[in-house]
Amino acid sequence: MKKFALNGAGLLVALFAAFPVYWMIATSLKPNREIFSATPRPVPAEPTLEHYREILTGNLIPGVTFADFFLNSALVALATVLLSGLVALLAATAVARFRFRLRTTFLILLLVVQMIPLEALVIPLFLMIQRLGLYNTLPSLILTYLGFSLPFAVWMLRGFVAAVPKELEEAAAIDGASRAQTFRRILFPLVAPGLVATSIFSFITAWNELIFALTFINDQDRYTLPVAMTFFFGRDDTAWGSVMAASTLFTLPVIVFFLLVQRRMVSGLVAGAVKG
C-alpha cells in the first residue's frame, strides 16, 4: 500500500510538471479562433501547423529568419559547453590533486560567485565587454556565460576528481604512462559522468539567458532565441499561437541535448567502472 501511494504521488508530481509543456504544445497546434475562444479545449479540435509555418518561413524582422536566431543560440551554447568543460576539468584536477596557497579561499570564492545576482553584474560586465572591443559580438556572450557556468562546473567536478583513487594514477605512472596518458586513459573516463552533468548546466544557462543577450548585442541579426521571442509580444496584442510554436521549437534542442548526453552519462559510468 505504501509503495502504491508513493507511485501515485510520483505520478501526480510528474503530471503537474508536464502539464505546462503539454499545454504549450497543444496551444501551438490550435488555430487562432480556438486559442482565443471563451471555452478553451485541452485538445485541439482542428489541429494545424500554421503557426510553425509562419515562424519557419517568415521573417521575425526584415532579412532575419528564425533559423538565424537558432544558429546564433546554438553557436553560443555549444561553445560555452566545450570551453567550460575543458577549463573546469583542468581547474578541478588542479584543485583536487595539488596543494597550493589560497586553495581554500579559491573554493570559497567559487561558492560566493554563485550568490551574486545576475542583475548586479550587467553594468560592470557591459563596461568590461566594451573595453575588450567585444560589444555586439557573440564571443561577448560566450565569455559571459563561461564566467557564470565555470564556478559550478569546477566545484562539481572537483568532487568527481577527488573521488578517483590516486593509486590508479600511481599504477599507471609505474607502468610507464605519461601525465597526459594518465589523464586521458584513467582520470577522464572516471570523471566523464560529472563532466556530462556540468555540460547540461552550462548548455541550459547559455541557451535560456536573456538579459545579457539583450544588453551586449545591438544588431538584430545577431540576436539569440530568447531575445527573438520578445518580438512576438506587442504593446496591444500578443501572437500566442506563434509564441507557443516558437517556445516548442525553443525547448526541443534542450530535450534532445539532454537525451544524447544522458546516454553518454551511462556509458561514462560503465567505462569508469571498467577502468577502475
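1. Contacts of serine 140. In this predicted model, serine 140 is in contact with Ile129, Leu134, Phe216 and Ile217, its neighbours within four places in sequence being left aside. The residue belongs to helix α7, which spans residues 138-163.

2. Domain division. The protein is split into domain 1, covering 1-48, and domain 2, covering 64-269. To the contact between them, domain 1 supplies 6 residues and domain 2 supplies 8 residues. Between the C-alpha centres of domain 1 and domain 2 there are 31 Å.

3. Area of the interface. About 570 Å² is buried between domain 1 and domain 2, and carbon and sulfur atoms account for 81% of that area. On the side of domain 1, the residues that lose the most area to domain 2 are Met24, Ser28 and Phe36, which together make up 66% of what that side buries.

4. The rule finds 0 salt bridges between domain 1 and domain 2. It likewise finds 0 residue pairs in polar contact across this interface, with both residues required to be at pLDDT 80 or more.

5. Composition of the domain 1 side. Helix α1, residues 2-28, gives the most to the side of domain 1 that touches domain 2, namely 4 residues. By class, that side has 4 nonpolar and 2 polar residues, with no charged residues.

Definitions and conventions. Residues numbered from 1 in each chain as written. Predicted model: local features only at pLDDT ≥ 70, side-chain atom pairs only at ≥ 80, totals over all residues. Heavy atoms only, no water. Domains from an automatic or database assignment. Contact = heavy atoms within 4.5 Å. Buried area = accessible area lost by both parts, 1.4 Å probe. Salt bridge = Lys/Arg side-chain N within 4 Å of Asp/Glu carboxyl O. Polar contact = N/O pair within 3.5 Å; in protein donor to acceptor, adjacent residues only side chain to side chain. Helix = DSSP H or I, 4+ residues; strand = E, 2+ residues; numbered from the N terminus. Nonpolar A, V, L, I, M, F, W, Y, C, P; charged D, E, K, R; others polar.
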